[in-house]
Amino acid sequence: MTKRDDLKSACDVTVGFPHDGDFTPSQRLRAVADFLDAKGWAAEETYLDGPVTRALETETARWLGTEAAIWFPTGTMAQAAAARIHAAETGRSTLLLHPSSHLELHEDHGYREAHELSAEFTPDWRAAVTARDVEAAGSDLATVFIELPQRHAGGLLPSWDELEAIKAACRARSARLHIDGARLWTCTEAYEGRALADICAGADSVYVSFYKDIGALGGAALAGSADVVEAARVWRHRLGGLVIRGWPQVPDALRLLPERMARMPAYVARARELAAAIQAASGFEIEPHAPLTNMFHVRIPLDGDAVAKARDHAARETGVWLANRFWDYEAPDYHSAELSVGERIMAIPVKRIAMAFAAMAEYGGKG
């Protein structure tokens, strides 16, 4: 183990991933087994064809208000399938992406290297995609990818009117709209009175993650019309996603979905309380200023070496481990700590986390 690992292990509180709480692998597997037994699902289920997988896909489509949904082992694969489907439908090959899109930053440019698609980018890192961005895109525009919420801006969302304008702009361009909804589950709190189905209405496809916020072992879904889902079924096979068995991931998602969806308002409320406490204790900027979902970023004006030392100082002083990594995509002398409220943070007193950031600020001010 490294010195950093030793320091992290010595802390009695860890804020980061996994956000859904502390458990051992055997405890999680027992919970999945108990769920399957309680439902009477004892038969073997192969190649994602059986009552458990169908139940999860049906439940996902119900939440999102789409005709159908299909389970994928990863979100990267699900979004690649969406991009290929919409490129074929439109006869075009360009994606409109935000510069912080997962496709651009975290997938080794699979859209380009594996799927021979190209990308245009919206101009502003810290602004959400707008209808004007859609209108300004080139003539080869196949699909607009909009991330709801936008992770690298701390969970930023367009206003409701802007979201509706984006949908209209896509229709006017005969372009497809895909929602990268890895963290979509808590967006309803920002759009008060709007269900997930309202948010997704007018989109041609929607991706959701089952391990982000829901806290399942893994897996994702791609939702849309029946035709899109049938095309996605072919692409899942082509991309190697037709796994022989979907458990324990599939039943774990099905087990947790209703429970965690009921908890989303509490997660968002805690995020807002926590963000205010951190800002007051440390003076660090919160992005966005008032969290819109259950996630936000704490912007820290330190370079990479200094921010790691400040985190380690806070761990020694408070017993709280704040982050394994800090994002530095915008500038090397500014780093962001990402906080995502789930069962883990719900179990930690707000004051302890705020005081750990205060210790980081104190250390940084001395540097």
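Student: How many of the 16 residues of α4 are buried?

Tutor: Buried means under 20% relative accessible area, exposed over 50%, and partly exposed in between, with a 1.4 Å probe and protein chains only. In α4, twelve of the 16 residues are buried, so the helix is mostly covered. Among them are M77, Q79, I85 and H86. One caution on the source: this is a predicted model, where local features need pLDDT of at least 70, side-chain atom pairs count only at pLDDT 80 or more, and totals for chains, interfaces and linings use all residues. Residues are numbered from 1 along each chain as its sequence is written, and side-chain values use heavy atoms, with hydrogens and water left out.

Student: What span should α4 have, and what is found?

Tutor: Helices are DSSP runs of H or I with at least four residues, strands are runs of E with at least two, and both are numbered from the N terminus. The expected span is 1.5 Å times one less than the number of residues. For the 16 residues of α4 that gives 22 Å, and the end C-alpha atoms are 22 Å apart, which agrees.

Student: What is found at the start of α4, and what just after α4?

Tutor: A side-chain oxygen of T74 comes to within 3.1 Å of the backbone nitrogen of M77 at the start. Just after the helix, G91 has a positive phi of about 70°.

Student: Which residues of α10 are buried?

Tutor: V228, V229, A232, W235 and R236 are buried in α10. They lie on the same side of α10, because they cover an arc of only 115° around the axis. That arc is taken from the directions from the helix axis to the C-beta atoms. On the other side of α10, D227, H237 and R238 are exposed.

Student: What covers the buried residues of α10?

Tutor: Contact means heavy atoms within 4.5 Å. The cover includes α3 (51-64), β2 (68-72), α4 (75-90), β7 (205-209) and β8 (220-224).

Student: In what order do the strands of the three-stranded open sheet run?

Tutor: Strands of a sheet pair through backbone hydrogen bonds, either parallel or antiparallel. Two strands pair if DSSP finds at least two bridges between them. Here the order is β9-β10-β12, with antiparallel pairing. β9 (285-287) and β12 (335-340) stand at the edges, each with a single partner strand, so one side of each has no neighbour in the sheet.

Student: How many bridges join β9 to β10?

Tutor: Three bridges join β9 to β10 (residues 295-300). E285 stands opposite R299 in β10.

Key:
A polar contact is a pair of N or O atoms within 3.5 Å; within protein, one must be able to donate a hydrogen and the other to accept it, and residues adjacent in sequence count only if both atoms are side-chain atoms.
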